[in-house]
Each structure stands twice: as structure tokens, then as C-alpha cells.
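Opening the notebook on a new chain today.

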Amino acid sequence: MAESRELAPASSSTLQRGKACLRCRKRKMKCDGSKPACQQCVKAKKADGCEYDDGKGKTRTQLMREHIQQLEQRIKELEGTEHRHSSSVTLFDPHAPSPYLSESSSSSSHDSPGNFSLSTSASPVPFSLDEPPIWEEQWGNLTDFAVTEVPGPFTPDLDEPPIELAHMLLEFFLPHRHQCGLELHVDRLRQSLHGPPSEQRHPVLMNTIYLWSCYLSRPGPLSEHELLYLSRALSAMNDAIPNPTKVIDLIQASCLLSLYFLSSGRLLEGSYHASAAASLAIQWGLHQIGSTEVTPSGAMTSEWDSPFRLDPPKDTVEQGERILTFWQVYALDRCWSVALHRPAMLPDSKHPSITITTPWPQRMEEYDAGEIDLGNGSPTISAFFMHQAQATPLVGGFATAALRVKASALFEGANKLSLSWNPRMPSANSFTDNFRALEATIARFLTTLLPLHQVATTMPDDKYTLFMIHTLAHAAMIHLHQPFIADDPLSREKSLRAARSVALVTKHLMDLDFDYLDPLIGHCWMSAARVFAFELAQMRTAWPPVNTSDLRTELGTVLFALNKLGVRYPLHGYEAAKLQKIMDTV
């Protein structure tokens with residue numbers, strides 16, 4: 001029997017405004033309004049991505065949430081069966097006191113931040129109203145965070161869940177992979193569960209994915225197994241490190257573990273795994289994928305070859321995943337180095353061995369089609385800063401993943417430049433030139449982005465990343481002007497304008513969107529909140545008195561967003577409580 005389709009009314013050749021599917025809207029194509037998939041999406045073999053937002057049926061996101069609830073229930077049933085036949089597994093009790101975060105009450109609720117034992121000076125914000133952001137001092141106050149207990153030896157046969165449970169955990173995670181920075185070929189990942197051991201993804205990656213599934217399911221029953229999969233992931237690391245065929249799995253898992261710890265408020269452990277990922281990426285040459293190897297004239301090639309070389313990729317998909325993995329490491333390193341007030345770990349200088357020449361990331365669909373651009377071996381990030389500042393057409397890298405990398409580079413670059421400011425330094429003129437160039441680069445980059453009011457109409461895979469990109473770019477402007485906000489009226493005005501733009505992003509978010517946001521976005525919101533708080537403090541002393549209601553509304557908007565994000569990520573629950581105290585004082 002042919003599949004029944006709900007057709008648009010035949011009496012009208014043109015759909016009413018807002019009735020086209022989201023994909024046709026984004027591409028400005030004529031849509032026939034057919035459901036469950038329009039003809040344009042069917043022809044493009046994108047029927048699964050055809051989604052409507054006309055209020056006449058459940059959207060793809062709503063169906064996905066219902067599917068996740070069904071998966072949770074089925075997982076609970078499977079676990080009950082599994083544990084009736086085995087008593088060797090000890091489950092994590094979510095009602096027991098946490099060994100990592102000291103709270104005044106039991107941690108049975110994941111919806112409230114609790115009273116975390118995180119030092120005020122460890123707040124991942126660009127500047128403080130009462131103390132300088134000196135990263136050495138910040139790190140000295142983070143020793144109260146517990147370190148994970150060293151796990152026992154890894155045993156693959158015992159540490160792998162049943163295949164049906166593995167599939168369910170994987171499907172639970174996949175809609176969230178972009179917010180974790182993980183970009184890979186989804187179908188191959190699914191198929192690897194059934195392949196021979198040599199073709200399966202290493203358990204260090206799979207257990208980390210299962211860990212994130214448990215983490216994101218809070219406070220559902222699946223979260224009870226969070227520490228189980230964390231222990232398995234850490235155990236599997238020792239097995240993955242000496243295995244050169246599983247380097248990409250190890251690096252991806254290290255990034256996911258880092259983000260898990262960071263968003264949970266376990267900053268030292270998160271920084272450790274981020275540094276490990278950066279070291280592995282450099283050691284295995286992921287920073288120079290596609291570059292022509294150059295050896296000194298007259299030298300024996302074998303004498304200059306690194307002992308750490310990946311085997312040639314089997315196809316463009318494998319090559320593309322290596323490229324995407326490197327930029328996953330880069331974005332994690334650059335952004336969270338700012339939040340943690342520490343130097344970035346990935347080097348990028350003019351020295352030929354550490355210059356980043358890996359080409360910009362592309363969509364996985366392009367790699368799958370064999371369309372890969374390996375570039376010409378020129379410095380990727382350096383060229384971006386140079387060409388973006390000069391407004392030349394040579395910038396390149398316009399995929400959403402590439403824009404995310406560029407925003408990360410601007411974010412860390414602005415913070416690094418602002419921290420280098422010293423009014424007594426002899427190179428003040430050089431600083432001024434660099435400052436103006438970077439400010440222009442950030443402003444020009446913002447003009448290349450899809451307007452914020454159109455972001456909500458894009459596909460879910462792009463929407464949440466674009467919200468993050470807009471936020472990072474405006475937060476970069478805040479960090480750049482931070483040293484001058486108190487004394488320079490122009491910097492104060494530009495910082496306030498950027499903070500309002502950050503707050504505007506939060507106003508475009510729907511309730512469901514908070515489940516899919518990158519944890520770093522909370523740090524950017526806190527940066528904007530600091531600007532609002534500073535401005536309110538200045539206005540309190542102004543005469544005649546100034547109306548501060550608009551600013552308080554903006555600050556309240558950011559606080560509301562942080563509270564919503566804090567339900568998902570404990571670190572931001574703490575930040576929301578901290579911001580509430582700031583509001584009470586201004």
C-alpha cells in the first residue's frame with residue numbers, strides 16, 4: 001500500500017506564510033507542504049529532516065523527546081532484567097552524598113545547584129568586580145575538588161552493555177552530540193556496534209557516550225548509572241593509549257570527559273582531560289592534516305619521521321573525522337582556557353612544526369560524498385585573522401562547524417590580548433594597533449553570521465551551534481574591552497552593547513532549547529551579567545538619579561537563563577546562585 005500523505009489544499013498554488021517546512025524555508029525553496037515530508041525533501045533524500053512548525057502536528061523535536069522517554073523506560077526494563085541475573089554490578093545511588101561537590105543537603109535533586117564548595121575566585125568569568133583574574137591564584141583555590149578514584153583494570157567482556165541497551169544509550173545521546181562538540185559519521189557509529197572487534201569504536205569512546213546519556217537524562221532513572229559508565233570510560237583509557245589504531249576514539253573521548261567534568265563543576269579534572277586531548281592531537285599530527293611534509297635539505301627522511309604517525313585514512317569520511325576531531329580539541333581548549341583563566345594548551349606559532357594548517361571543518365555530508373578540501377598547507381587560524389581583518393574574500397570555512405572554530409579563536413584571542421595590556425609597557429602603540437585590528441575582525445565576523453532572528457528557523461543540527469557562535473562573538477567583544485571599561489566611556493558603551501546582544505540571544509531560546517546548549521554558553525552569559533552589574537553599580541552613584549529598570553530587566557533575563565541552564569549543568573547552577581547575590585547588592 002502506498003504511504004498516505006497529507007497534501008496541501010489544492011485550491012491554492014502558494015502556501016500561506018509560515019506553512020513551509022523548516023528546510024525549504026532555510027533554503028528559500030518552494031515547498032508543497034506535504035506531510036510527513038514535502039517533495040523537495042523527498043527528492044533531496046532528506047525526508048527524515050523535513051520538519052514543520054505550523055502547530056498542526058508534532059515537530060521532529062517533540063517526537064524525539066517522546067522517543068527518548070520511551071527509550072528511558074525500555075532501558076529501565078532491560079536493566080531490571082540484567083541485574084536480576086547478575087549481582088556483580090554496584091549501581092550509583094543518586095541520593096547519596098556526592099564525593100565531588102559538597103552540599104548542605106542530599107543530592108537527590110538535580111534541579112537545584114546546591115551549595116557547592118567552589119571558591120569564589122574560581123568563577124569562570126573574564127573579570128571580577130573585586131579581584132583581578134590571575135589564573136595562577138584561581139587554580140590555587142581549586143584543590144578542594146576531589147579527584148576520581150583510580151579505576152581497576154579494563155575488561156572488555158564485562159564492561160560492555162547488552163547490544164540492545166548499547167543502541168538505546170547511543171540513540172539517547174546522538175541528538176545531543178553537537179552540544180558536546182562531537183562530530184562524526186552517525187551511521188558508521190551505529191554499524192560499529194555490530195562489527196568485528198577491529199572495526200568497533202574503542203570502549204573508551206562508547207562508555208563516554210553512555211556516560212553522557214546518563215548525565216543528560218538527569219534526574220531520570222538512567223542517571224543512576226552515571227558513575228558506572230564513568231568508571232568504565234576511565235578504565236578503558238589505559239587500554240586505548242598504547243593502541244595507535246584507536247587514537248581518534250581516545251581523543252574524542254578525552255574531549256567528552258573534559259566537558260563532562262567541567263560542566264559538573266569538577267574543574268581540575270576537566271582541565272586535565274582537555275590538556276590530554278590537546279597533547280594527543282599535537283603528538284599525532286592532527287594539527288597539520290593535509291600539509292606537505294618538509295624535511296631539511298640533504299637529510300635522511302627516516303631520521304626526521306615522527307614515531308607517531310597515523311595510518312593513511314581509508315576514505316574521505318575517515319579523513320574528515322580526523323579533521324573534525326582536531327577542531328573539537330581546538331574549540332574545547334581555546335574556550336575553556338578563558339573560562340578557567342589558564343593559558344591555552346594547543347600551540348600555534350610560526351614554527352613549522354606547531355603551526356596549525358589543518359583545513360577548516362566541513363559538513364559530514366560533504367566528506368561522505370567525497371568532497372573534501374585539504375587546503376594548501378597555509379596557516380589556517382593566522383590566515384583567518386589576517387584576511388578577516390582585511391575583509392578579503394579569502395577567509396574560507398563557512399560551514400557551521402568552521403564558524404564555531406572561528407568564534408572560539410576570536411574569543412580566546414580577545415581575552416589573551418586584553419590580559420596583555422599594561423599601560424607602562426613600551427609596546428603600547430603595538431597593542432593599540434592589535435586591539436583595533438581585532439575589534440574590527442570581531443565586528444566583521446558578526447556581519448557574516450545568519451541574523452539572530454532567522455536562527456530559530458534553521459535545522460536543529462545548526463540552530464544550537466549558531467546560538468553559541470553569536471554568543472561567543474559578542475562575549476569576545478566584552479573580553480576585549482574589559483581592561484578599559486572603568487575608565488574609557490567608549491569601551492564601556494561597547495561592552496554594554498555587546499552584553500545586551502548576549503542577553504538578546506537568551507530571549508530567542510525556547511524552553512526545549514536549553515536541553516541542547518553547549519555548557520560554555522553559561523560562562524558567556526555570566527560575562528554579560530558582570531557588565532550589567534558594573535553598569536548598575538556606576539549608575540547608583542550618578543546624580544541626578546538614573547532609571548535602572550531596563551538594566552535590571554536585562555540582568556534578570558540572564559539570571560533566568562542561567563537558572564534554566566543550571567538544571568542541566570551543576571556548574572551553572574552555582575553561577576546562577578552567585579549572580580543572584582550580585583543582583584541583591586546592586
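**Entry 1: a single residue to start.** I'm working from a predicted model here. I clicked on Asp249 and found it in helix H9, which runs over residues 247-263. Is Asp249 buried or exposed? It counts as buried, because its relative accessibility is 5% and the cut-off is under 20%. Leaving out residues up to four places away in sequence, I get Arg201, His202, Val204 and Leu205 as the residues Asp249 touches.

**Entry 2: whole chain.** The chain has 586 residues, and buried ones make up 51% of them. I also looked at contacts between residues at least 6 apart in sequence; 72% of these join residues at least 24 apart.

**Entry 3: H19 against H20.** How are helix H19 (residues 489-507) and H20 packed? I get an angle of about 130 degrees, with the axes 9 Å apart. The pair is therefore oblique, and H19 passes H20 in a left-handed crossing. On the H19 side I noted Arg492, Ser495, Leu496, Ala499, Arg500, Val502, Ala503 and Thr506; on the H20 side, Cys524, Trp525, Ala528, Val531, Phe532, Glu535 and Gln538. Sorted by class, this contact comes out as nine nonpolar, three polar and three charged residues.

Entry 4: I checked the length of H19: its 19 residues should span 27 Å at 1.5 Å a residue, and the end C-alpha atoms are 27 Å apart, so the two agree. Then I listed the buried residues of H19: Ser491, Ser495, Leu496, Ala498, Ala499, Ser501, Val502, Ala503, Val505 and Thr506. What covers them? The cover includes helix H17 (452-455), helix H18 (460-481), H20 and helix H21 (549-568).

**Entry 5: H20 and Gln538.** H20 is mostly covered, with 17 of its 20 residues buried. From first C-alpha to last, H20 reaches 29 Å, close to the 28 Å expected at 1.5 Å a residue. I then picked out Gln538, which lies in H20 (residues 521-540). Gln538 counts as partly exposed because its relative accessibility is 32%, and it is among the H20 residues in the contact with H19. I also took a C-alpha distance: Gln538 and Ala486 are 52 residues apart along the chain, and their C-alpha atoms are separated by 9.2 Å.

**Entry 6: Gly573.** I moved on to helix H22 (residues 570-585), where Gly573 lies. Gly573 is buried, because its relative accessible area is 3%. Its C-alpha atom is separated by 9.6 Å from that of Gly522, 51 residues apart along the chain.

**Entry 7: H12 against H15.** For a second pair I took helix H12 (residues 316-339) and helix H15 (residues 400-419). Their angle is about 30 degrees and their axes are 9 Å apart. Why roughly parallel? The angle falls under 35 degrees, so H12 and H15 get that label. I noted a left-handed crossing for H12 and H15. In H12, Trp327, Tyr330, Ala331, Arg334, Cys335, Ser337 and Val338 meet Arg404, Val405, Ser408, Ala409, Phe411, Glu412 and Asn415 in H15. By class I wrote down eight nonpolar, three polar and three charged for the contact of H12 with H15.

Note on methods:
Residues are numbered from 1 along each chain as its sequence is written. This is a predicted model: local features need pLDDT of at least 70, side-chain atom pairs count only at pLDDT 80 or more; totals for chains, interfaces and linings use all residues. Side-chain values use heavy atoms; hydrogens and water are left out. Helices (H or I, at least four residues) and strands (E, at least two) are DSSP runs, numbered from the N terminus. Buried means under 20% relative accessible area, exposed over 50%, partly exposed in between (1.4 Å probe, protein chains only). The expected span of a helix is 1.5 Å times one less than its number of residues. Contact means heavy atoms within 4.5 Å. Axes are lines fitted to C-alpha atoms, for helices over the stretch in contact, and angles run from 0 to 180 degrees between N-to-C directions. Angles under 35 degrees count as roughly parallel, over 145 as roughly antiparallel, 65 to 115 as roughly perpendicular and the rest as oblique. A crossing is left-handed if the near helix is turned anticlockwise from the far one by less than a right angle, and right-handed if clockwise. Ala, Val, Leu, Ile, Met, Phe, Trp, Tyr, Cys and Pro count as nonpolar, Asp, Glu, Lys and Arg as charged, and the others, Gly among them, as polar.
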